[in-house]
Protein chains: 2
Amino acid sequence: MGSKSTTKRADALRSIEAIAQAAAECLGRNPEASLSEIARAAGVGRVTLYAHFASRAEVVDAAMSRAIDRGNEVLDTIDLTGDPLLALARYIEAGWHLVDQARALLAAAQRELSAGRIRELHAGPAARVEALVARGRAEGAFRTDLPVAWMVNVLHAVMHSAADEIRAGRLTSDRAADHITATVLAAFTPPGRPVPEPGGGA
Amino acid sequence: MGSKSTTKRADALRSIEAIAQAAAECLGRNPEASLSEIARAAGVGRVTLYAHFASRAEVVDAAMSRAIDRGNEVLDTIDLTGDPLLALARYIEAGWHLVDQARALLAAAQRELSAGRIRELHAGPAARVEALVARGRAEGAFRTDLPVAWMVNVLHAVMHSAADEIRAGRLTSDRAADHITATVLAAFTPPGRPVPEPGGGA
DNA sequence: GCTAAGTCGTACAACGCTGTTCAGGTTATA
DNA sequence: TATAACCTGAACAGCGTTGTACGACTTAGC
């Protein structure tokens, strides 16, 4: 069943895409954005939105899925092998603003979607970062006196913190990655070992 | 004018206090808590709430002021002099959960109050922490290759992160302060210098 | 060019929240 | 104990949101 339902008009597919994209943008800015706002941002009537998505939850789910996919695409282009310090620096450089947009979206999702669905969506990208941290610990590059989950959380917390600073006008976008990297690499350094010099390495 | 209005019944003062306290609690849990919810939590009728506060904004302001006052009281009991590392550890130990409750409250305030009013309320406590960080830098205990504002932000971000982890059930409350301290002290260590051993010091 | 799929604006009902009014009951305070 | 201050529930208007229904228009696809 469902093999013939592929008969969607190109017109409709374009609308669905526009809505999902607008939803990701609007909810990324404000987790409480209304469906009217999203429809308007998509250049589509509010009724049209309801023609494709039965409820608000479905719209949020679509936006979330879209953002996760985008994130996975970006993550795929990053080399997370080799020296864990450099790998982490590459991850931060490429992903900090992407991770930030996902946060507000996540806030919307947490009110609209089931906890299981959220875990299901979030699991993929999270696993890769966890693996990187775990490898860094195993190779002696990162400290092991704190849980992996805690370290991953710190990493993301500092990324979000940078986004907040930018929104507040206290930090410029081009310096964000350097600040985050310097901070996190120091936080991850094993006790007793010297903190790496920023920009120094290789 | 207004000199005779001191004639408030003890009854009324108790209600106002109960409402402010309930508001701080409810908004601390959920920034979108309705006034009905707050009134119910205060054990007071919704109309009574409007008898004392003209608008939602006034309730939020009262809750925020209350939380700030409480924070200042706690901060006053903490010795922020001496070794900056130990002072920072003392600050974290005493204030991390207090700072966390203030966050959700701040989120409510940012939607209801003017930016100026928020700065006015927030300035006091923020200044003390900034001073501590600045002193630590001047004495060579903390790194100086990152802005003070950024370091303060990192400190708070990691505190909030701990609160999130507790809510998610991945961290127990009694270990939070140790994790935060170990992480932040490492993040603040000047490049090239060894990160302090957790619990080591004095 | 015909037809069905898609879109549009308007309008509707239902809901929850805010803020106000009113009439009647309770309690502090002098 | 008298009285004014206080508290209360119920009820109302106004607003924005969600979700649905309708009739008319436009467009994709054969």
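A backbone N or O atom of Ala10(A) lies 3.4 Å from a phosphate oxygen of DNA strand D, a polar contact in the sense of a pair of N or O atoms within 3.5 Å, where within protein one atom must be able to donate a hydrogen and the other to accept it, and where residues adjacent in sequence count only if both atoms are side-chain atoms. The model is a predicted one, in which local features need pLDDT of at least 70 and side-chain atom pairs count only at pLDDT 80 or more, while totals for chains, interfaces and linings use all residues. Residues are numbered from 1 along each chain as its sequence is written, chains are lettered from A and ligands numbered from 1 in the order in which they are written, and side-chain values use heavy atoms, with hydrogens and water left out.

**DNA strand D**

- Around DNA strand D there are 23 residues, of which Arg46(A), Arg9(B), Ser15(B), Gly45(B) and Thr48(B) come nearest; a residue is near a strand if one of its heavy atoms lies within 4 Å of it.
- Of the atoms of DNA strand D that come within 4 Å of the protein, sugar and phosphate account for 62%.
- At least two residues of the surface near DNA strand D are supplied by each of α1 and α3 of chain A and α1 (10–29) and α3 of chain B, the helices being DSSP runs (H or I, at least four residues; strands are E, at least two) numbered from the N terminus.
- Helix α3(B) gives the largest share of this surface near DNA strand D, namely four residues.
- The surface near DNA strand D is made up of eight nonpolar, seven polar and eight charged residues, where Ala, Val, Leu, Ile, Met, Phe, Trp, Tyr, Cys and Pro count as nonpolar, Asp, Glu, Lys and Arg as charged, and the others, Gly among them, as polar.

**DNA strand C**

- DNA strand C is surrounded by 21 residues, the closest being Arg9(A), Ser15(A), Thr48(A), His52(A) and Arg46(B).
- Sugar and phosphate make up 61% of the atoms of DNA strand C that come within 4 Å of the protein.
- Phosphate oxygens of DNA strand C lie 2.4 Å from a polar side-chain atom of Ser15(A), 3.0 Å from a polar side-chain atom of Arg56(B) and 3.1 Å from a backbone N or O atom of Ala10(B).
- Two or more residues of the surface near DNA strand C come from each of α1 (10–29) and α3 (46–52) of chain A and α3 (46–52) of chain B, and the largest share, four residues, is that of α3(A).
- By residue class, the surface near DNA strand C holds eight nonpolar, seven polar and six charged residues.

**Contacts between chains A and B**

- In chain A, 34 residues are in contact with 34 residues of chain B, contact meaning heavy atoms within 4.5 Å.
- The two chains bury about 2600 Å² between them, with carbon and sulfur atoms giving 60% of that area; buried area is the accessible area (1.4 Å probe) that two parts lose on being put together, summed over both.
- On the chain A side, Trp150(A), His179(A) and Val195(A) lose the most area to chain B, together 23% of what that side buries.
- Thr183(B), found in helix α8 of chain B, makes a polar contact of 2.8 Å through its side chain with the side chain of Trp150(A).
- At 4% relative accessibility Thr183(B) counts as buried, that is, under 20% relative accessible area, with exposed meaning over 50% and partly exposed in between (1.4 Å probe, protein chains only).
- Not counting residues up to four places away in sequence, Thr183(B) touches Arg143(A), Leu146(A), Trp150(A), Val154(A), Ala187(A) and Val158(B).

**Aromatic pairs and a buried histidine**

- Over all chains there are two aromatic pairs, counted where rings of Phe, Tyr and Trp (its six-membered ring) have centres within 6.5 Å, with planes under 30 degrees apart called stacked, over 60 edge-to-face and the rest tilted.
- Phe142(A) and Phe188(A) form an edge-to-face pair, 5.3 Å centre to centre with 65° between the planes.
- Phe142(A) lies in the loop between α6 (115–138) and α7 (148–167) of chain A and Phe188(A) in helix α8 (residues 173–188) of chain A, so the pair ties together parts that are 46 residues apart in sequence.
- Both Phe142(A) and Phe188(A) are buried.
- In chain B, Phe142(B) and Phe188(B) form an edge-to-face pair, at 5.3 Å centre to centre and 65° between the planes, and both Phe142(B) and Phe188(B) are buried.
- His160(B) sits in helix α7 of chain B and is buried, with a relative accessible area of 15%; leaving aside neighbours within four places in sequence, His160(B) is in contact with Val99(B), Asp100(B) and Arg103(B).
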